[in-house]
2 protein chains.
Amino acid sequence: MEPNAFQTYLDSFTDREWQVSDDEDGPVRFALIGLGWWTADKAIPAINNSTFCKATVAASSSKEKAEQFVDDHDTLEHGLTYDELQDGVATDAYDAVYICTPNARHQTFVESAVAHEKAILCEKPMEATLEAAESIVEDCADLEAPAMIAYRMHTEPVVQRARELVREGAIGEPVHVHGNMSQSIVGWGENQWRLDPEMAGRGTSVTDLGIYPLNTTRFILEREPVAVQAMMDSSHEYFEDVPDEVAAFTITLEGGVCVSCTASQHSQLDSFLRIVGTEGRITIEPAFHSESSLQLTRANTTVDIDTPQVDQMEEEFDYFADCVLDGREPAATPEHGYVDMQVIEAVYDAAERGETITL
Amino acid sequence: MEPNAFQTYLDSFTDREWQVSDDEDGPVRFALIGLGWWTADKAIPAINNSTFCKATVAASSSKEKAEQFVDDHDTLEHGLTYDELQDGVATDAYDAVYICTPNARHQTFVESAVAHEKAILCEKPMEATLEAAESIVEDCADLEAPAMIAYRMHTEPVVQRARELVREGAIGEPVHVHGNMSQSIVGWGENQWRLDPEMAGRGTSVTDLGIYPLNTTRFILEREPVAVQAMMDSSHEYFEDVPDEVAAFTITLEGGVCVSCTASQHSQLDSFLRIVGTEGRITIEPAFHSESSLQLTRANTTVDIDTPQVDQMEEEFDYFADCVLDGREPAATPEHGYVDMQVIEAVYDAAERGETITL
C-alpha cells in the first residue's frame, strides 16, 4: 500500500533535511564562553544530547566558576578565565566556540576565536552596537571555519516547514505579518545586564525579544526589510535606563509586505507569528519560547499540526556542527545577523525621531 | 445544589445585560437608506428577527429599486427616492433611520433625519471626510432622539465579556494589542465605491476594515489613542486610486499600550484581536467577520469559549432600539465615532509623511 501524501508529510515533519554528515561523524568540540543560566540550563544539555557536539572547555570571568563548571559536567576538561582563553590556553582541546556572554562582550571573543582559527557560534543579537557587529562581520571574513549567529528558530521544524509552505505558494503572496515575543524579567532581580545599555545595547525588549519575530519573518519569507517605524514606552521604574519596557515596530519588507511586531520584557509570557497571504495563513503559536506549533489555513480549511517538540538548542548545535564538519556556510552568517542589527538600530532611531526610517 | 460559578458564567455568556425595555415594547420603525447588499442580506434579516425593530420604509437613489424592495419584503410600506425621503415624505411611517449608503452620503441623511427629528443609526465609518464627520457631530447635538454609529462589535457578547474581563483585571495591566481585519474585494467587480476616494474617503483598507480592530480595542480597553504611525502599500492595479491595498498602523493608547493593526482588501479572509497584559491574554479569533470566539489565558491556564453565535446585526439593532425606547444615549455616540475618524485621518497623514502623529 502506498502511504498517503499527508501521512508521509507528517511522518517526516521533524526530519533534519539539512543534515549532510553521518551520525558517527564528529564530535565538534566546544569552548563555552559565558557560563550563565542559558549556557548551564539550555546549551550544556543540548550539547550532551546532540549527535555531533561535545563541550570540552568552559570559560568565565571567574576562574573559580569555570573550574566548578568543569567539576559539574563530565565532558568538560578545562576551566579557563576569559584572559586564558583569549591568550590561547587549551586551543588543542576545542574546535569551535559558543559565545553566550552579555551582548557587549561578543566581539572580543569573536576576535580571539578568529585568531585561534576556531569555528564560531555567537548568540544573538550579535553585539550591543552596530559598530561592534560590523567588526564581527569583518573579523569573520578572514575565518576559514564557519561562523554563525545563534538563531535557534532556523532549525525549528515548524519554521522549516513554514518556510517551505510559503516558498511553495501555500498562502499565495504574503500580505501582512503579526509577531510578538514577550515575558516578564521584573522578577529576575536587580543588576540585570539586559537593562544596562552598556551591556545590552540601546534597549532591552527589541534587542532581546523583538529580534525573534523580526528574524523569523525574514527567514520564512526570504524577504529583506526596506523601512522601519516604531513606538516605545517605559514607565515602570525597573526600566528607567531603557526606552522599551514595551515596543511596537513595523517593518516593510521587499514587495510591500507589512510586518507588525511587538516585544515586552514586562508582560505575560507570550509569543506568536502570524503570516497572512492572498490565499491562506500560517500561524506559529506558541512560537519563540522553546516550543512551537504550526497552523495552516487555506480558504476554509485549517490544519493544526502538533508534533513532538524538538530541543531547539540541540537542533541548532547539530546544524552548526554539521556545517563545521561539512565545511559549508550556515544560513545565519554574520552578514545575515548584521541585517537584524541594522533594523534594530533603525527601530530605536525611528522611535526617538518619530519618523519612518528607510534602510 | 448551587450552580458552579463558571457554569453560571457560561450560561449567561450571551445575555443582553444592556437591555432595559420589556420584550413587548416597541417596535421602533426604521427607514432604510441605501439598499445595497449589506442592507438586503444583513440589516433586513436582522430587523425581521429582532425584538424591538421593524423596517417600514426603504429609500434609494432609484424609485424603481425602492419599490421593488418594498415588494420583496413584507413589513416595508413605502419605497422612496432619496429626494422624497429628505423632503419629508412618509415621516409618520418611521421613528428612526438606518444609513447604509457609501460613506460620502452619510452626512446629508443625518442632516435630514435631524430635521425630521428621527433617531439615527449610521454605518461606520461616519463619513468620507473629517469635516463631514464633524458636521454629523454638530447636526446630532440638536437631536433629542439617540444617534449612534453602527459598531456591531459593541454588542457582540464576546466583546462585552472581554471588556468585563479587562475591567475586572483578568489580564492585569494591558501591555500590547495585535489586530487585523482583511478580505479580498478584488473579485467584487469594477466600479466598487470602496475604491473611489470621493465616496469612501482617503483609502479603503483602513477606512473600511482597519476601523474594526481600532474601535474594538478602544471599546474593550476603555482607553483613547494618543499617537499614530502607519505604513501602506498599493501595487495591484485594482488599488491604483487608493494608498492602502495593505496597511499597518500602530496606535499608542493612554498609559503607553501599543496597538499594532493591519488591514487589507486584498488578502485571505482573516480577522483577530489579541490583547496581552501583565498577567494574561485575551484573544478574539475569528473577530470581525460576523462571528467571534473568545480565548482567555491567565498564567498557564487557557480557556476557549465557543458559544452559539449571535446575529451581530440583530444585537446591534435591538441595542439601538432599546436606547430609543429608553431615551438613553448609546455607547457609540457620534463623538465616539469621531475619534476613529481623527485616528483614520492621522493614519493616512502619518503614512504620507512618514511621521508619528500625536493626536
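Predicted model: local features only at pLDDT ≥ 70, side-chain atom pairs only at ≥ 80, totals over all residues.
**View 1. The interface between chain B and chain A.** On the chain B side, 45 residues are in contact with 45 residues of chain A. Together the two chains bury about 3200 Å² between them, and carbon and sulfur atoms account for 55% of this area. Three residues, Gln229(B), Met231(B) and Gln268(B), supply 21% of the area that chain B buries against chain A, more than any other three residues.

**View 2. Salt bridges and polar contacts across the interface.** Between chain B and chain A there are 8 salt bridges. One of them joins Arg274(B) to Asp270(A), with the closest N and O atoms 2.7 Å apart. Polar contacts across the interface of chain B and chain A number 26 residue pairs, counting pairs with both residues at pLDDT 80 or more.

**View 3. The strands on the chain B side.** Several strands of chain B each give at least two residues to the side that touches chain A, among them strand 7 (174-184), strand 8 (225-233) and strand 9 (246-253). Strand 10 (258-264), strand 12 (280-284) and strand 13 (294-298) of chain B also each supply at least two. The largest share, 9 residues, comes from strand 11 of chain B, which spans 266-277. Sorted by residue type, this side of chain B has 14 nonpolar, 23 polar and 8 charged residues.

View 4. Thr252(B) is part of strand 9 of chain B. Its relative accessible area is 13%, so Thr252(B) is buried, the cut-off being under 20%.

View 5. For Cys323(A), the nearest cysteine sulfur is that of Cys53(A), 11 Å away. Cys323(A) is buried, with a relative accessible area of 0%. In chain B, Cys53(B) is likewise in no disulfide, and the nearest cysteine sulfur, that of Cys323(B), is 11 Å away. Cys53(B) is buried, with a relative accessible area of 9%.

Terms used. Residues numbered from 1 in each chain as written. Chains lettered and ligands numbered in written order. Heavy atoms only, no water. Disulfide = S-S within 2.5 Å. Buried < 20%, exposed > 50% of the residue type's maximum accessible area, 1.4 Å probe, protein only. Contact = heavy atoms within 4.5 Å. Buried area = accessible area lost by both parts, 1.4 Å probe. Salt bridge = Lys/Arg side-chain N within 4 Å of Asp/Glu carboxyl O. Polar contact = N/O pair within 3.5 Å; in protein donor to acceptor, adjacent residues only side chain to side chain. Helix = DSSP H or I, 4+ residues; strand = E, 2+ residues; numbered from the N terminus. Nonpolar A, V, L, I, M, F, W, Y, C, P; charged D, E, K, R; others polar.
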